[in-house]
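Subject: Structure handover

Hello,

Here is the structure I promised to pass on. Please open it first, then read my notes below.

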Amino acid sequence: MPGRSLLEKIWDQHVIARLSEDTDLLHIDRHLLHDLGGSRGLLDLKSRGLKVHNPELTFATPDHALSTAPGRAGTSKIGLELLAALRVETSASGITLFDVDQPGQGIVHVIGPELGLSLPGATIVCGDSHTCTHGGLGALAFGIGSSELTHVLATQSLIQRRPKTMRARFEGKLPLGVTAKDMILALIGHIGAAGGTGYAVEYAGSAIRALPIEGRLTICNLSIELGAKMGMVAPDEKTFEFLRGRPYAPQGEMWDLAVKAWRELPSDPDAVFDREVVIDVEKIIPQVTWGISPEHVVGVDGVIPDPKAVDDPLRRAAIETALEYMGLQGGAPIAGTPVDWVFIGSCTNSRLSDLRAAAEVARGRKVAAGVRAWVVPGSENVKREAVAEGLDKIFIDAGFEWREPGCSMCLAANGEVVAPGQRSVSTSNRNFVGRQGPRARTHLASPASAAASAIAGAIADVRMMGR
Ligand SMILES: CC(C)[C@H](C(=O)O)[C@@H](O)C(=O)O
Ligand code: SF4
């Protein structure tokens, strides 16, 4: 029998019942709820006369619909209603809620790892496509739909089809100015936004091993933008050090037992994957998207694709559509494109290391005239730690606006939008049509690249602004 992969090991440990050749009923170890879907699911359950099966495995926080303005000024009526309902329904079900202004509140994919709720070898679900983020700790984590959400609330289990497996190996030493965000954008550019469809992706290789946990979370976060519902990195010593002592991580003797079990999780050397991709990270330069899909990506020293140079009529038409929406000329260099907005935040890039990387570029410099730049920490804890080390001051002195934790401009929630026709460099994960507001134009990039672009007033190569 061939060896098993990380995915297969976690999967097999969670099978309650084998339903068919490729479909199993899985036990779910953690269920995370957010303000957009959480109360709806709990109300749905109630209307069926059912109870939450395992409230102690379910955790909630508001993130999508809250204002991130200082003091939370101006949360919309809908946002307030969702928050009120989340409070009432979690309390009635005995579910822990990390509420506004409490340590623990934040974007659901930032708080899970931060609190030690997300653990290696665990199955984690949330009614949110970026649940794949938690795979950065070696969890099997994926987004679910609203009926599945109710199913998990009622049974703590879920029916799932076993995915195919892909291993994406990143090899080599990351060049200066190149980050985890650039690695994953480069992979999406290489295999396409549907390249991972139907697969669970394991990110491996020397460059993944060298990445701190927060970088691994960033990589896994964009799995869904690769088409893959699940992305994961095998746990190692860095994972254990990251989790040690976190509030919900196992403690004492349980910790030792857990680490012993987690050491068994990495894929066996002879594990077989349905697809293997190898990326040489030494060839990656800072990435920035030019179009309306994360696969529309180039190196920041590159040029915007010229549709005239593309023979395939379908591809040519897709490029033309994207360029028209984005207001860009094919064949022109991407660097130097003037920007109106910079957004540093989202579950992709709003952790402490992201803010540090952006602050390093911003320190002692000024946001260009005419550019609005926001920094939205991913959680209340990230915010407090950033303030404790003075990052907020660096940003404010440089002309950035420092805000409260939440999803904010990542999905144009709560009126936090880029105006029609305006151009933003964003550290988030989606540059779809209208994602940051009707007719808003989004360029995805790393926190360091976004900060560099805010200072330059145009898409900028952070390597030119090194310290
Ligand atoms: C609102 C939520 C369901 C959605 C998701 O599933 O990802 C959102 O978080 C997003 O990023 O578009
Ligand atoms: S930060 Fe953006 S991508 Fe992440 S959960 Fe919120 S809306 Fe979705």
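First, how residues are sorted in what follows: Ala, Val, Leu, Ile, Met, Phe, Trp, Tyr, Cys and Pro count as nonpolar, Asp, Glu, Lys and Arg as charged, and the others, Gly among them, as polar. By that scheme, the shell around ligand 1 holds one nonpolar, four polar and three charged residues. Please keep in mind that this is a predicted model.

Ligand 1

The shell around ligand 1 consists of Leu36, His64, Gly127, Asp128, Ser129, His130, Arg430 and Arg435. In Ser129, a side-chain N or O atom is 2.5 Å from an oxygen atom of ligand 1. For Asp128, a polar side-chain atom sits 2.7 Å from an oxygen atom of the ligand. For Arg430, the corresponding distance to an oxygen atom of ligand 1 is 2.9 Å. On its own, ligand 1 has 310 Å² of accessible area, and the protein covers 74% of that.

Ligand 2

Which residues are around ligand 2? They are His64, Ile107, His109, Asp128, His130, Ser346, Cys347, Cys407, Cys410, Leu411, Asn429 and Arg435. This shell splits into five nonpolar, five polar and two charged residues.

The cysteines

An unreviewed UniProt entry annotates Cys347, Cys407 and Cys410 as "binding site". They are spread over 64 residues of sequence, yet they cluster in space, with a largest C-alpha distance of 8.8 Å. Cys347, Cys407 and Cys410 are also listed among the residues around ligand 2. Cys407 belongs to the loop between strand E17 (401-402) and strand E18 (423-426). Is Cys407 buried or exposed? Its relative accessibility is 7%, so Cys407 counts as buried.

Two backbone angles to check

Most residues other than glycine have a negative phi. Ser346 has a positive phi of about 85°, and it is not a glycine. Ser346 is in the loop between strand E15 (341-344) and helix H12 (352-362). With 1% relative accessibility, Ser346 is buried. Ser346 is also one of the residues around ligand 2.

Ser408 has a positive phi too, near 55°. This serine is in the loop between E17 and E18. Ser408 is buried, at 0% relative accessibility.

Elsewhere in the chain

Helix H8 (residues 213-221) deserves a look. Why is H8 described as largely enclosed by the rest of the structure? Nine of its nine residues are buried, so the rest of the structure largely encloses the helix. Among those buried residues are Glu214, Arg216 and Asn221.

Arg167 is in strand E9 (residues 164-171). Its relative accessibility is 16%. The cut-off for buried is under 20%, so Arg167 counts as buried. Its side chain makes a polar contact of 2.9 Å with the side chain of Glu276.

Leu149 is in helix H5 (residues 146-155). Leu149 is buried, at 6% relative accessible area. Leu149 and Leu45 are 104 residues apart along the chain, while their C-alpha atoms are separated by 9.6 Å.

Best wishes

Conventions. Residues numbered from 1 in each chain as written. Chains lettered and ligands numbered in written order. Predicted model: local features only at pLDDT ≥ 70, side-chain atom pairs only at ≥ 80, totals over all residues. Heavy atoms only, no water. Near = heavy atom within 4 Å. Polar contact = N/O pair within 3.5 Å; in protein donor to acceptor, adjacent residues only side chain to side chain. Areas by Shrake-Rupley, 256 points an atom, 1.4 Å probe, with all protein chains shown as cover. UniProt positions renumbered as here; feature names shortened; annotations may be inferred. Helix = DSSP H or I, 4+ residues; strand = E, 2+ residues; numbered from the N terminus. Buried < 20%, exposed > 50% of the residue type's maximum accessible area, 1.4 Å probe, protein only.
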